[in-house]
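Me: Here is a model to go through. Let us take the surface, then the strands, then a helix.

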Amino acid sequence: MKLIYSLFFLTIFPTFISHGKEVEKRQYTTRKITITEKSPSIDGLFNEQVWETIQWEDQFIQHEPYEGRDPSQKTAFKILYDDNNIFVAIKAFDNEPDSIQTRLRRRDNMDGDLAGIQLDSYFDKRTAFTFITNAGGVKLDFMVTNNGDSEDLSWDPIWFVKTKVVEDGWNAEMKIPLSQLRFDKDSSLVWGMQFVRFIFRKQELSLWQFVPNNAPGWVHLFGELHGISGINPKRQIEIAPYSVASYNTYKKEDGNPFKDGKDFNFKAGVDGKIGITNNMILDFTVNPDFGQVEADPSQVNLTAYETYFEEKRPFFIEGKSIFDFSMFGGDGDMSSENLFYSRRIGRRPHGYPDTGPDEYAKVPEFTTILGAAKITGKTKGGLSYGVLESVTAEEKAEIDYEGNRRTEIVEPLTNYTVGRVIKDFNKGKTVLGGMVTSVHRNVNDSTLNYLHSSAYSGGIDFTTYWKDKNYYFTLNNVFSHVNGSEEALLRTQQSSARYFQRPDASHVHVDSTRTSLTGFGGRMEIGKQGGDHFTYGSILMWKSPNLEINDIGFLMSTDEIISILYGGYRIWEPFSIFRSFRANLALWHAWDFGGINLVTGGNLNLNTQFKNYWRFSTGLNIDSQSMSSVMLRGGPMFKSPSGERTWLFVSTDDRKKLVFEANGFFRWENEKSENSQRFGVEINYRPTNTLGFSLEPGLYLKKQVLQYISTESFNSDPRYLFGYIDQKMASLDFRINLSLTPDLSIQYWGQPFVAAGDYSKFKRITDPLADRFNDRYHLFSSNEITYEKNSDLYLIDENQDSNTDYVFENPDFNVKEFLSNLVVRWEYVPGSVLYVVWSQSRNGSDPDGRFIINEDIRDMFKITPHNVFLIKLSYRFRI
C-alpha cells in the first residue's frame with residue numbers, strides 16, 4: 001500500500017525537475033442531460049441510454065514506470081452532467097481480469113487497482129478536487145492545493161461510486177454532487193481535468209493528460225473539460241447531530257469516592273457544514289466527542305523537550321492545510337514546529353490540585369471543547385482564506401475529604417483564534433500569505449498565574465518562481481508576543497525552550513519583573529527545483545531567544561541561527577537493476593544569537609526501488625563536536641562529543657499478500673559517551689481482499705554516560721547531577737483490518753509497551769567545556785554516595801564530613817503499558833456513521849531499572865484494565 005501511495009502522490013507532489021518543453025493540452029467536451037433524459041443509476045454497468053449519447057475518450061499515456069509509452073492496458077471514460085451532479089463512467093480494460101486487485105479497506109486507506117478523476121473547478125490551475133476508487137469500490141478523496149505542493153486527505157465529500165469487475169476489465173461509475181465542488185457562476189465554464197489509472201500488479205500509472213515526471217508542478221498542467229453551461233453554484237448545508245453513550249470499568253480504589261470501579265456517561269452534540277456561498281464554507285462543532293479516535297502510542301521522554309503527537313480528531317484534521325504555517329519545513333527534528341498545533345485545543349489541563357492526607361481528587365483528563373468553528377474558502381481571484389475559532393471550558397478538579405467537597409480550577413476558560421490568507425499572482429508564479437493567531441485566557445484565580453493571560457503570533461510567507469518554475473525563492477517571517485503575570489513570564493524565560501538563567505549566556509538574562517515577551521523567527525530559501533535531474537538550494541533559518549508560540553503552536557527550541565546547503569539527484573525511469581533512484585546531500589551549520597558555534601554537520605542518503613519492487617534506503621549523518629544549551633537544564637553550555645548516525649530500510653514487494661519491512665537506526669558518539677540502536681520490523685499479511693493483519697515489533701537500546709537526573713544545591717552553588725543509563729524499550733503494534741464492505745469495517749489495534757532505565761555511575765558536572773570528555777564531570781566515589789533503600793534516595797556527602805549535603809531520588813524506572821482499540825465503523829448512509837468502540841489500557845510503573853521482558857509482560861497483564869465501551873451514532877441531514 002505504501003508503494004501505491006508513493007507512486008500516486010508522485011502526481012501530487014512535484015518531483016522538482018522541469019520538463020523544458022510545452023505539453024499540448026488535451027480537451028474533452030461533455031454534454032448536459034436534458035430534462036427528458038433519465039440520469040444514470042450508479043451501479044457500475046453503464047446500461048442507461050443516456051451514456052450512449054457521448055463518445056468514449058481513451059487516449060491515455062504512461063507516467064510510471066516508463067514515461068511517454070503506451071499503457072499496457074487501455075482506459076476510457078465518459079462525463080455527463082445535470083443541474084445537480086457530475087456523472088463519470090470509467091472503463092478500465094484488462095486482459096487478465098482475474099489479476100485485478102479489489103482489496104477492501106477503509107476510506108482513504110486503500111490499495112489495489114485504482115482509477116479516478118481530478119477536477120480544477122476553480123480553474124485557478126492550483127487547486128484540484130480528487131475522486132478515486134479502487135476496483136473494490138473503496139473511496140479515496142482529497143483536495144490538492146498549491147499546484148500539487150500540498151494535499152488534504154481529510155477532505156471527505158459526499159459522493160457516490162459503484163464498481164464492477166467484468167470479463168474485459170472493471171468499471172467505475174461515479175456521481176459527484178455539484179455542492180461538493182467550488183466554482184463560479186458563468187454562462188460557460190472551463191475546468192481543469194485529469195484522469196488517472198493505476199494497475200497494481202504492474203505498479204503502472206497512466207494519465208489522460210500527459211505530465212512529465214520532471215514537471216515542476218501538477219494542476220497547472222491539467223487538460224481541460226469543456227461543455228459545461230447552465231449550472232449554478234450549490235450551497236452546501238449539512239447538519240450532523242450525534243449522541244454518545246459510554247461505560248467505563250476500572251480498578252476500584254477503597255476510600256476514594258471518585259473511583260468506585262465504574263462510570264456511565266452520555267453526551268450529545270452536533271457537527272455541521274454550511275455553505276455561506278459556494279466558495280465559502282463554515283464548519284462547526286458543538287460539544288464535540290472524539291471517543292472513536294485511536295490513543296497516542298506509548299512514549300518515554302527523557303529529553304528536555306515536549307513530545308509531539310499527531311492530530312487525529314476529525315474536526316481539526318479536515319481542511320487543516322489552509323492553517324498550516326510550518327516555520328522551517330523539511331522532515332528533520334524541527335519539521336513539527338508550526339504556528340498552529342491543534343492539539344493545544346482540548347489539551348490536558350495545565351493544573352493539578354494540591355491534596356493533603358486522606359484527600360482524593362477527580363481531575364478532568366482533557367479540557368472540554370465547548371465549541372469550534374472554521375470558515376474556509378477561495379475566491380476567483382486566487383485568494384484562499386481560513387478562520388478558526390474555538391472556546392474551551394473552565395475546568396475544575398473536585399476534591400473530597402471525608403465526604404466534604406471542594407473544587408480547584410485547573411484550567412481557565414480559553415479562546416483560540418487562527419486566521420490565514422494566501423494569495424497567488426501571475427498564474428501562481430508568485431504566492432504571498434499571512435497568518436495570525438491569538439489565545440485569551442480568563443485567568444481569574446491566583447493558582448493559575450503561571451499561565452499567559454494572552455498570546456499572539458503571526459507570520460508572512462512569500463514565494464516566487466521563475467524560468468518555468470525551475471527556480472524559486474521563499475521568505476517567511478514570524479513574530480510572537482505573550483502577556484501575563486511576572487510569575488508566568490518568569491516561567492516562560494526559564495522553560496526548556498529558552499533557559500535564560502544560563503550563567504554563561506551574555507546575550508540573554510532573566511528579568512523577574514517582565515510581564516510580556518516579544519520574539520521573532522524566519523526562514524529564507526533559494527534553490528533550483530528543475531531543469532534536469534539535479535536539485536540544489538540554500539536555506540537560512542533563525543529563531544530569536546524571545547520567540548514563544550507554544551500557547552497555540554509548537555516550538556521545541558529557540559536562540560538558533562541555522563544555515564543549510566543541499567543537493568539531490570534523481571532518476572525516475574528504470575535502468576540496470578533499478579526502477580528508480582534518488583540521492584541527496586546536505587551540510588549544515590548552527591550558531592546561537594550570542595555568536596557561539598553550536599554544531600556543524602552533514603548528511604548523505606540514498607533511496608531506491610529495484611525492478612523486483614523491493615525498496616532500500618540508507619543514510620549517514622555526521623555531527624561535529626557540539627555546544628548544548630539544554631544539556632544542564634538551565635546550567636552553562638556543555639560541550640558534547642562529535643558523533644555519527646546511520647540508518648537503513650528494506651522492504652519486499654508490497655504487491656504480494658505477505659510483505660516484510662525492516663529498519664535499523666544506529667547512533668554513536670565519540671569518546672564512548674553514547675551508543676544507541678533502534679530496530680524495527682513490520683509484517684503485513686492479507687490472506688483475502690477483505691482481511692489484513694500487521695505486526696510491528698520494535699526494540700530500542702541505549703547506553704549513555706551522561707543522562708540528566710536533577711539539579712541540586714550545595715553551599716549555594718548548583719550541582720548538575722547525571723548518571724550512566726542503560727535504557728531498553730520494546731513494543732509490539734498489532735493490527736487487524738476487516739472490511740466487510742466499503743462502508744462497514746472492523747479495526748483492532750493493540751500495543752504492549754515496556755521501557756526500563758537502569759542508572760549507575762552517578763556524577764556531577766565540574767567543567768562542562770573541558771577538552772577531554774572525562775574531565776567534564778566528577779564520578780562520585782563510594783565514600784561520597786550512599787543509597788538508602790527505605791526512602792529510595794541517594795545521599796551525597798560531597799565534602800566527606802559524614803553529613804549529607806544533598807539528596808536525589810532513585811531515577812531507575814520500569815514502565816509497562818498496554819493500549820488497545822477495537823472500532824466497528826458503519827457508514828450506513830453517506831456522511832452518517834455508527835461507531836461501536838472498545839478501548840482498554842493497562843498502566844503500571846516501578847522504581848526498578850531491570851528489563852526482563854517475559855516478567856514485564858506477565859506483570860503488565862496482571863494490572864487491572866481500564867475499559868471503555870462506547871456507542872456513537874451520527875446522522876447527516878443534507879438541506
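Reply: Buried means under 20% relative accessible area, exposed over 50%, partly exposed in between (1.4 Å probe, protein chains only). This is a predicted model: local features need pLDDT of at least 70, side-chain atom pairs count only at pLDDT 80 or more, and totals for chains, interfaces and linings use all residues. Residues are numbered from 1 along each chain as its sequence is written, and side-chain values use heavy atoms, without hydrogens and water.

Me: Which class does Phe869 fall in?

Reply: Phe869 sits in strand 47 (residues 866-874). Strands are DSSP runs of E, at least two residues, and helices are runs of H or I, at least four, numbered from the N terminus. Because its relative accessibility is 38%, Phe869 is partly exposed.

Me: How many bridges pair strand 16 with strand 17?

Reply: Two strands pair if DSSP finds at least two bridges between them. A hairpin links strand 16 to strand 17 through two residues. Thr277 has Met280 as its bridge partner in strand 17. Strand 16 (residues 262-277) and strand 17 (residues 280-286) are antiparallel, and their bridges number seven.

Me: Which residue of strand 19 is the bridge partner of Val286?

Reply: Strand 17 and strand 19 (residues 369-378) run antiparallel, joined by seven bridges. In strand 19, Val286 is partnered by Gly371.

Me: What arc do the buried residues of helix 3 cover?

Reply: Helix 3 (residues 486-493) has Ala488, Leu489, Thr492 and Gln493 buried. They lie on the same side of helix 3 because the arc around the axis, taken from the directions to the C-beta atoms, is only 135°.
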